[in-house]
Structure formats: C-alpha cells, structure tokens
Amino acid sequence: MKIAIIGTRGVPARYGGFETCAEELSVGLVNKGHKVVVTCRKYLYPEKFKYYKGVKLIHLPSIKGKFTDTFSHTFLSILRVLLESPDIILIFNSANSPFAIIGKILGKKIVINVNGLEWKRKKWNFIGKIYFKFCEILSCIFSNAIVSDSKEIKKYYKRKYGKETFYIPYGAYFYESKKPEILEKYGVKKGEYFLVASRLEPENNQYLIIEAFNKIKTEKKLLILGNLNRKSRYVRKLLKLKNEKIEMPGGIYEKEFISEIFSNAFAYIHGNEVGGTNPALLKAMGSGNCIICIDVPFNREVLGDCGFYFKDVNELKEKIEYLLKNPQMVEKYGKMAKERAEKLYRWEKVIDDYENLFLKILK
C-alpha cells in the first residue's frame, strides 16, 4: 500500500498527539513494507529532511494564524499528495474534512481521524464552534472510514450522526529514568514534584490545578509543561499565579527530556476535560505515575480505577494531600496505571489496527 498522511504539523513529532501518532504510524507502516508520505509545515522544520526512518517527507508552506495555519496547510497537502498516487489518504482532525472531497472526487480512499469534540474548546468563538460541528457532518459524508481514538467519541458519532466509526486509540510510551540529573535544568528533583503536561488552555484547567496546589503546605513543586504563548490571555493569567513552588519552563519536545520528566514525577495531575484518549495521560500511565484526573468520561475510559479523580479545587486539594500523607498509595496506583497501559495501549496494536482498516477499505 501507499499511504499519505496529512493534517498534522509533521514528523518527527514536535508538538502533540496527532504528530506523535503520525510518526509512530508512518514509521510502523514503513517497517511493515508499505510506502508512506507525510506532509510537514515548512516553518517548523528548518532542516527539511527528505526522509525520516524511511518515511517520505514533503514540506509545504502555510498561512500562519489561529484559523488559517492548519486550514491552508491541509489544502496544499491534499493537492500535493495526490501527485504521489496514494491508495489511502489519512486525514487527521475533522476540521480538515472539507478537503476530503478533493480526494474523494478523484477516486481516493479517505480515512479521517476526527480527534475529540473540538467545538467544546473555550478558545473558539460562536462561528468557530459552528464550523467544527459542520466538519463533523462532512467527515461522515466524505470519508470511507472514520477513526475515533476514544470509545466515548465512537458513541458520540453513533448517537449524533448514526455513523459507525473504528475505534483505534493512541499508544503509550513506557519511560524509564536514565539521566535524572537532567531535571536540574527545570528546577526540580526526582520524586519532588507534581507534573502537569498539556497545552495551556482553559479546558485543560491549569488554573484550577495551581489554585489547589497553592492551598497546600508542601516542599514539593508543581512542574507545568506547555508552550508559553504570551499573546494568550490565559497564559498571562497563569503566569501571574506563578510563585517559587511552581516551575513553568514552556514546551519540551526532546524525547530524552520528556522521558526523565515523566518517569521521575511524584504524581501526575491531568486536567484535560475535552478530547478523547489523551497522549499525555498515556505517557503518565506508561511511566508508572500515580495519576489524579479531572472526572470526565474520556479520562474514566482511559484510566479506569487505576487512579484518583477530582471535580473541583477542593477535591483536588484533598487528593494531593492524601497522596502526600500516603506515599505507599502513590507506588500502588502508579503500578496499576502502568499495567493498564501495557494491556490496553500498545503502539504495535495501533499500527496493526490501522493497517487492517486500510486493507479492508481497499478490498
């Protein structure tokens, strides 16, 4: 098979879940003997390698902007990959579904990974929310198959649109510490910090987490990872709460650093309330972190009974204080989370499931 992957920022992964999945999937499929091409945003990859671990890379421009970056790049991407004569075009993000019609008209098989319920994100205005809901409909019309990374998203598409989707989650990484001295760069020590790792956006509740943490007497720190876009009102609001107990180094994408940060945390706090199967949550599970999650169906689906949950500031404060007083529970639940990740979230199975789906569509 020849597969084209578009709709992400590109590979190697340097940003989020889509990119991580695109990298693992593209390399995995190449290792299985398939040909894979991935489009990358030109401005994010100054080195512009032609190949990455056997995956062909095509670097294309985009119009920078909150609404135009992804949209413009995906439009150019689908036009360009058609020149590669792919058997399958995999599009990440339902927001890119309008461009699926181009491939569909030309007889290409289209698979769309729709991601979460993007219209629920607080950063979008009314028009943005309407657009994302409209794109969900287009995903159902223009695709040969829809991939949902969460069983809750699968239920949503069946209930809302009567559309059957293929459940394929992300995989987990199983980190182990090799160079804990790296942590000094970020002002923390092994086992002496709570970790938060997600985009700095209102629906990820970093503000709530900081509020709860600041009410607790502890020598441990709070390490919050995420790109510090100072143009964002929310980021500026978070920075005002920052004190000597809180470290906010920005986004970190080097795999060696990520491995050390996750595998050495005392516990992981997950505030993401919108989306499906969250890659950062899987990293925490694979690292054997004890996890405290905001209580929403998506997180319950992934973590199950292998962690703790909170609904507000006071509940989070109570859970943090409980773990500080009961370190044996930190070890117990960290082990449970890792075992669950090993059982349910393996990249090998993710790659096999995508391959089987593509082969099924081509029959």
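1. Let's start with Ile294, which sits in strand β13, residues 291-294. Keep in mind that this is a predicted model. Ile294 has a relative accessibility of 7%, so it counts as buried, the cut-off for that being under 20%.

2. What does Ile294 touch, once its neighbours within four places in sequence are set aside? Its contacts are Asn205, His270, Gly271, Asn272, Glu273, Asn299, Tyr309 and Phe310. Tyr309 is worth a look on screen: Ile294 and Tyr309 are 15 residues apart along the chain, yet 5.5 Å separates their C-alpha atoms.

3. Next, helix α2, which runs over residues 69-81 and has 13 residues. From first C-alpha to last it reaches 18 Å, close to the 18 Å expected at 1.5 Å a residue. Its buried residues are Asp69, Ser72, His73, Thr74, Ser77, Ile78 and Val81. As for the spacing, an α-helix has 3.6 residues a turn, so residues three or four places apart point the same way.

4. Which elements do the buried residues of α2 pack against? There are strands β1 (2-6), β2 (35-41), β4 (55-60) and β5 (88-92), plus helix α3 (100-105).

5. Last, the pair α4 (residues 126-142) and α5 (residues 151-161): these helices pack at about 90 degrees, and their axes are 12 Å apart. Angles of 65 to 115 degrees count as roughly perpendicular, so that is how α4 and α5 lie to each other. On the α4 side the contact is made by Lys133, Glu136, Ile137 and Cys140, and on the α5 side by Tyr156, Tyr157 and Tyr161. By type, these contact residues are five nonpolar and two charged, with no polar ones.

Conventions
Residues are numbered from 1 along each chain as its sequence is written. This is a predicted model: local features need pLDDT of at least 70, side-chain atom pairs count only at pLDDT 80 or more; totals for chains, interfaces and linings use all residues. Side-chain values use heavy atoms; hydrogens and water are left out. Helices (H or I, at least four residues) and strands (E, at least two) are DSSP runs, numbered from the N terminus. The expected span of a helix is 1.5 Å times one less than its number of residues. Buried means under 20% relative accessible area, exposed over 50%, partly exposed in between (1.4 Å probe, protein chains only). Contact means heavy atoms within 4.5 Å. Axes are lines fitted to C-alpha atoms, for helices over the stretch in contact, and angles run from 0 to 180 degrees between N-to-C directions. Angles under 35 degrees count as roughly parallel, over 145 as roughly antiparallel, 65 to 115 as roughly perpendicular and the rest as oblique. Ala, Val, Leu, Ile, Met, Phe, Trp, Tyr, Cys and Pro count as nonpolar, Asp, Glu, Lys and Arg as charged, and the others, Gly among them, as polar.
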